[in-house]
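Biologist: Please take a close look at one part of this model and describe it together with its surroundings. I would ask for the cut-off behind each term.

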Amino acid sequence: MAVRKILKFGDSFLREKAKDVHKVSRKIQDLVSDLLDTMYANNGVGLAAPQIGEPYRVFVIDVSTGDEPLNPIVFINPKIIKKSGATISREGCLSFPEAFTDVRRYSDVMIKAMDRKGRSFVLEVKDGPLLARAIQHEYDHLDGILFVDHAINRFEAEEELANHNLPPMEVDKMIDEPELAEKINELLEATEVEESENEE
Ligand code: ZN
């Protein structure tokens, strides 16, 4: 189909809530093809419809690397039905060229969605692999939530955006996630202990 233009952070469309797909029509299948073409053309791991200006609850992910065969997964009308655990995820986003920051994520997710043929499936991913984190990242796009809203260190994220000539953080959009934050702090403390032990 076509490689589409990706909206950049600062575009208010990225903050809109996307709509459910009522029918996996030809138009939606074309949208899926465009998402895949655009994601691969930009070497992305995932891409959500709102990032190309389409207000639908659709995203695609492919976590294959190097010589592995392509493995696109299409999610239409997804619903995260279970999430637990905690993991620190260093993330970027095609709407934030070159900028990366550490964000809070659940390590385990279970998601239900439809594939590009409208067949429903359930996928469970555990122990914080890239796929589990990508699912949460892309899912958020459907609700107008961006990865920097989950930043562990707001000031580091702020600096990273400035260094890449992106607009400043939208601090009022940051997600308050006290339970997850507490688990992440425990993880960070455990890492610090390990590091200091290594020094001896
Ligand atoms: Zn993104």
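Modeller: Helix H2 has as its buried residues Leu-131, Ala-132, Arg-133, Ala-134, Ile-135, Gln-136, His-137, Glu-138, Tyr-139, Asp-140 and His-141. Here buried means under 20% relative accessible area, with exposed over 50% and partly exposed in between, for a 1.4 Å probe and protein chains only. The model is predicted, so local features need pLDDT of at least 70 and side-chain atom pairs pLDDT 80 or more, while totals for chains, interfaces and linings use all residues. Residues are numbered from 1 along each chain as its sequence is written, and side-chain values use heavy atoms, without hydrogens or water.

Because 11 of its 12 residues are buried, H2 is largely enclosed by the rest of the structure. Helices (H or I, at least four residues) and strands (E, at least two) are DSSP runs numbered from the N terminus. The expected span of a helix is 1.5 Å times one less than its number of residues; for the 12 residues of H2 this should be 16 Å, and the 17 Å between its end C-alpha atoms agrees.

Cys-93 (SG), His-137 (NE2) and His-141 (NE2) coordinate the zinc ion at 2.0 to 2.2 Å. Cys-93 belongs to strand S4 (residues 87-93) and His-137 to H2 (residues 130-141), so this pair ties together parts 44 residues apart in sequence. Along the chain, the donors have the spacing C-x43-H-x3-H. Donors are N, O and S atoms within 2.8 Å of the metal (3.2 Å for Na, K and Ca); water is not among the atoms, so sites may look incomplete. Cys-93 and His-137 are both buried.

Two pockets complete the picture. A pocket is an open set of points on a 1 Å grid over the protein atoms alone, where a 1.4 Å probe fits, with protein on both sides within 12 Å along at least five of seven lines; lining residues have an atom within 4 Å of a point. The largest pocket is lined by 24 residues, with Gly-44, Val-45, Gly-92, Cys-93 and Leu-94 nearest its centre. S4, strand S5 (96-105) and H2 each give two or more residues to that lining.

The second largest pocket has 14 lining residues, and Lys-83, Tyr-106, Asp-140, His-150 and Glu-177 are the closest to its centre. Strand S3 (73-84), S5 and H2 each supply two or more residues to this lining, and H2 provides the largest share, three residues.
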